[in-house]
Amino acid sequence: MGESSLMHKIHDSSSASSSSSSEDEKRPALARQAATVKAKAKEKAIHYKAEVNRLFGREQPVHKVLGAGKAADIFLWRNKRSSGMVLGAGTMLWFFFERMEYHLITFICHFLIVSLAALFLWSNASVFIHNRAPVQVPQVAIPEDCLIHIVKALRFEINRAFLLLREIGTGRDIKKFLTVVGILWLISLVGSCFNFLTLFYLCFLLLFTLPLVYEKNEDQIDALAEKAMIEIKKQYAVLDAKVLSQIPVAGFKKD
C-alpha cells in the first residue's frame, strides 16, 4: 500500500513538472505573439498617420511648432502650475481693466507714482533710520545689441507682410485674393463684437486651449480638416466655373 502511494506521488510530481515545463514553453510563444500584435498595431498607427495630411502642412510635433521652449510648455500645459499662474494673471488683468473700467494709461501712471514714491521713501528713510549712506539703486539700461536684434526682427516681419500684401493686391491669383479678403472680413466681424482688450483676451484664452486640444486629438482633427478642405476645393471649383472664369480679367491663375 505504501509503495503504491509512493509511486502515485512520483507520478503526480512528474506530471506536474511536465505541465509546468509545457507552460514554460508556451510563455515565450505567447510573448512573441503579443510582441507581433503590438508591432502590427504600431505599424498600422504610423501608416495611418502618414496617410493623414497634417493641418497647415505641419510635419513637426505641436510642441516643436510652438518653439519647443518655455512658452510651448506653458501653452501645452506641460507644467500645470506655471500655465495656471499665467492664465490666472491674464484673467485678472482682463477683469481688472474691463469689468472695473480701469484704463491702461491710468494704470501706468498710478503704477509709476507708487513705484517712485516707494523708491523715494526707501532711499531716504535709510539715512534717518540707520544713519548711513542712501541705498544705491541699480541703474537699468537696455542693451544696444538686444534692441537692435528686436528692431531687425520686427523690420523683417513687417517687410514680409508688406510684400505679401503687394503680391496679393497686384498679383493674378484670385484664389489667394479671395481667401485673404474673406479672412479679413471675418476678423472685422469678430472685432466689431468686442473691444480690443476683450479680443486680445480671447486670443490669449485660445492659446491655452486650442493647441492642447489639437495635440490630444490631432489625428481626428486632421482627418476632419482634410475632408473640409476637399469640400472647399469642390465648392471653389464650382464657383470658378460659374463665376470667376467669367470675370474679364486677363492672366488670372487657375488651379
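Student: Is Glu157 buried, partly exposed or exposed?

Tutor: Glu157 counts as partly exposed, at 39% relative accessibility (buried is under 20% relative accessible area, exposed over 50%, partly exposed in between, with a 1.4 Å probe and protein chains only). This is a predicted model, in which local features need pLDDT of at least 70 and side-chain atom pairs pLDDT 80 or more, whereas totals for chains, interfaces and linings use all residues. Residues are numbered from 1 along each chain as its sequence is written, and side-chain values use heavy atoms, without hydrogens or water.

Student: With which residue does the side chain of Glu157 form a salt bridge?

Tutor: The partner is Arg160, at 2.8 Å from N to O (a salt bridge is a side-chain nitrogen of Lys or Arg within 4 Å of a carboxyl oxygen of Asp or Glu). Arg160 is also partly exposed, at 48% relative accessibility. Glu157 and Arg160 both belong to helix H6, residues 144-170, and because they are three residues apart, about one helical turn separates them. (Helices are DSSP runs of H or I of at least four residues, strands runs of E of at least two, numbered from the N terminus.)

Student: How many salt bridges does a search of the whole structure find?

Tutor: The search finds two. Besides the pair within H6, there is a salt bridge between the side chains of Arg78 and Glu215, with an N to O distance of 2.8 Å. Arg78 is in the loop between helix H3 (70-75) and helix H4 (80-99), and Glu215 is in helix H8 (residues 196-216), so this pair ties together parts that are 137 residues apart in sequence. Both ends are partly exposed: Arg78 has a relative accessibility of 44%, and Glu215 one of 24%.

Student: How are H4 and H8 oriented relative to each other?

Tutor: Orientation is read from the helix axes (lines fitted to C-alpha atoms over the stretch in contact, with angles from 0 to 180 degrees between N-to-C directions). The axes of H4 and H8 come within 11 Å and cross at roughly 165 degrees. The two helices are therefore roughly antiparallel (under 35 degrees counts as roughly parallel, over 145 as roughly antiparallel, 65 to 115 as roughly perpendicular and the rest as oblique). Their crossing is left-handed; that is, the near helix is turned anticlockwise from the far one by less than a right angle, clockwise being right-handed.

Student: Where is Leu178, and how far is its C-alpha atom from that of Ile168?

Tutor: Leu178 is placed in helix H7, residues 174-193, and is partly exposed, at 34% relative accessible area.

Student: Which residues make the nonpolar surface patch of about 510 Å²?

Tutor: The patch is made by Leu104, Ile105, Ile108, Phe111 and Leu112. (Patch residues have over 30% relative accessible area and no salt bridge; like charges are joined within 9 Å, nonpolar side chains, namely Val, Leu, Ile, Met, Phe, Trp and Tyr, within 5 Å. Areas come from the Shrake-Rupley method with a 1.4 Å probe, and for residues only the protein chains shown count as cover.) One of these residues, Ile105, is located in helix H5, residues 104-129, and is exposed at 59%.

Student: What is the secondary structure of the protein chain as a whole?

Tutor: The chain has nine helices and zero strands, giving the pattern α-α-α-α-α-α-α-α-α along the sequence. Of its 255 residues, 12% count as buried.
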